[in-house]
Structure formats: C-alpha cells, structure tokens
Amino acid sequence: MRKKVIAGNWKMNNDLNQSVELIAGIKNKISSLKNNVEVIVCPPFTSLETTAALIKNTGIGLGAQNMHFEESGAFTGEISAKMLLSVGCNYVILGHSERRAIFGEPDELINLKLKKALSSGLNPIFCIGETLAERENGSTFDIVKKQVTNGLVGISSDDLKKVIIAYEPVWAIGTGKTASPAQAQEVHVYIRRLIKELYSADSAENIIIQYGGSVKPGNAAELLNQPDIDGALVGGACLEAESFAGIFTAI
Ligand code: PGA
C-alpha cells in the first residue's frame, strides 16, 4: 500500500519571520496526522536552515524548490545539492512548471538535476504537466510521456524508488481551476503505465505520484481518494497553516 505524501511548495513567499510563524502553525496541527501520511514543507532557500531546526523530530520532511546540477563552481546565484543536504534537506522539487516556463528549463536540464539530486542522496519531487493549449489540442499524454521519458533518462530502478512524480497540469496551477478527480486519475494511470513500460510492474506499483494544481481542503479528499493519486503538491493553500493542515487531515 502506497503512503500519501503531501508537500507544500511555498514558492517565493515568506521571509524568515513569516516562515517561523507558518511552521509553528503547521506543528500545532501535525499531531492529528495518520501514520500512512507524510508531510513535506518546501520553503525558500533563505528559510531552510531555520525550518530544519524547527521541524526536528516532528517527522515533517524538508525540501528545497530547485538546485543546480553541478557540484560547485562559478554559477552565480545557484545552490548545489550538497548545500541543500548541509542545511537538512531531504527533498528537492525539480522541473516545476514555473522553472520550465519562466526560467526556460528544458527536460535535459531537469534530467541532469534529477541525476545529481539522486547521486547526492536527495529525494526529488519531479514535476510534469501539460499547458492549457496542450490539453485543448489533445496532446496531454504525449507531453506527459515526453517529460517523463526525457526526465528519467539514465535513472536506475533503484534510484527511481527515491523519486516522487508530481503531475501538475499547468492550467490548474494557481488558477483555482482544479483537474476533476477523474481527469487527474486518468493521467496518473497513464504515468503509472509509462513507468511500467520504462521500468517494471513493481516500480509502477510503488512510485508515489502526487497531483498538484489548486489543491485545497475542500477538494483534497476527493482527489486523494482516487486510487492512483498518492498525495498532493500544494502551492497557494500551503501558505496558511489552517488550509495546509486541512489538506493533510482531509485524507
Ligand atoms: P497551487 O500551486 O496549489 O497554487 O495551484 C501548485 C504548485 O505550483 O505546485
């Protein structure tokens, strides 16, 4: 039985004081968590170290929102996997649609980042998803196939065990438009079938596939009740402890 993994992607929100406040709120709510549910917070880089100290021994996981694929060097403004590990991260979001669209990250770059995260000991949350135009012209499955296949090039089935896939239809991110449970489930089944083709039935059965895109307390239960939706990557609704907790307690 796969566990449910709820991750909060804070994006470029919360300075240090606001981060401390939000974590305190989340910690207040975490005691009601069932043991087959895992919660991860992904604050901005500047709040990672402080957050790591605040969530110690709570069972909450810590993720960054991006990293560079090189070990170190002349890459002004970038952060390495080793740096993330040194402040207590165990997860990193890679290939988020905002990185792809605003910062021009192609599949090949995301693949390099995934490989570096895995070889360094970080668990990647690997984001994929189609835009509205792609959904409307019927290429959702082709896009998802391309992103999954190119993103996972050279990644072993052993390393795949550490990867969480987040299916986030771009048209549902921050728009208030959620994919219906049936729409999301359909793509999750497709992704799982793809993993079976690329790896094995066992890999497909065990991989965690999150849904992301306007998940909130009011729609979390019906989405997460779908058999192939193993959790959520939450943006807007994770910025208040009340609504974030409303998602992980809705399961
Ligand atoms: P949203 O963002 O919940 O605000 O739609 C999700 C995400 O970008 O991961």
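Predicted model: local features only at pLDDT ≥ 70, side-chain atom pairs only at ≥ 80, totals over all residues.

User: How many disulfides does the structure hold?

Analyst: A disulfide is a covalent bond between the sulfur atoms of two cysteines. Here it is counted when a pair of cysteine sulfur atoms lies within 2.5 Å. Cys127 has its closest cysteine sulfur in Cys42, 9.2 Å away, which is too far for a bond. The number of disulfides in the structure is zero.

User: How far is Cys89 from the nearest cysteine sulfur, and is Cys89 buried or exposed?

Analyst: Cys89 has a relative accessibility of 5%, so it counts as buried. Cys89 is in no disulfide, and its nearest cysteine sulfur belongs to Cys42, at a distance of 8.2 Å.

User: Is Cys127 buried or exposed?

Analyst: Look at the relative accessible area of Cys127, which is 1%. That value is under 20%, so Cys127 is buried.

User: How many salt bridges are there?

Analyst: A salt bridge is a side-chain nitrogen of Lys or Arg within 4 Å of a carboxyl oxygen of Asp or Glu. One of them joins Lys162 and Asp159, with N and O 2.9 Å apart. By this rule, the count of salt bridges is 16.

User: Are Lys162 and Asp159 buried or partly exposed?

Analyst: Lys162 has 32% relative accessibility, so it counts as partly exposed. Asp159 has 23%, so Asp159 also counts as partly exposed.

User: What is the distance between the closest N and O atoms of Asp107 and Arg100?

Analyst: Asp107 is buried, with a relative accessible area of 5%. Arg100 is buried too, at 15% relative accessibility. The two form a salt bridge, and their closest N and O atoms are separated by 2.7 Å.

User: Which parts of the chain does the pair of Asp228 and Arg192 tie together?

Analyst: Asp228 and Arg192 form a salt bridge with closest N and O atoms 2.5 Å apart. Helices (H or I, at least four residues) and strands (E, at least two) are DSSP runs, numbered from the N terminus. The pair ties together parts that are 36 residues apart in sequence, because Arg192 is in helix H9 (residues 181-198) and Asp228 is in the loop between helix H11 (217-224) and strand E8 (231-234).

User: Which residues are linked with Arg192 in a network of salt bridges?

Analyst: Arg192 is itself buried, at 7% relative accessibility, and Asp228 is buried at 12%. Asp230, at 3%, counts as buried as well. The residues linked with Arg192 in the network are Arg2, Glu205, Asp228 and Asp230.

User: Where is Ile229, and which residues is it in contact with?

Analyst: Ile229 lies in the loop between H11 and E8, and at 0% relative accessibility it is buried. Contact means heavy atoms within 4.5 Å. Leaving aside neighbours within four places in sequence, the contacts of Ile229 are Lys4, Ala184, Gln185, His188, Ile209, Tyr211, Leu223 and Leu224.

User: Why is helix H12 largely enclosed, and which elements do its buried residues pack against?

Analyst: Helix H12 (residues 241-248) is largely enclosed by the rest of the structure because seven of its eight residues are buried. Among them are Phe244, Ile247 and Phe248. The buried residues pack against strand E1 (4-9), helix H1 (16-29), strand E2 (37-42), H11 and E8.

User: How many residues surround the ligand, and which are the closest?

Analyst: A residue is near a molecule or strand if one of its heavy atoms lies within 4 Å of it. The ligand is surrounded by 13 residues, and the closest are Lys11, His96, Glu168, Gly174 and Ser214.

Technical notes. Residues numbered from 1 in each chain as written. Heavy atoms only, no water. Buried < 20%, exposed > 50% of the residue type's maximum accessible area, 1.4 Å probe, protein only.
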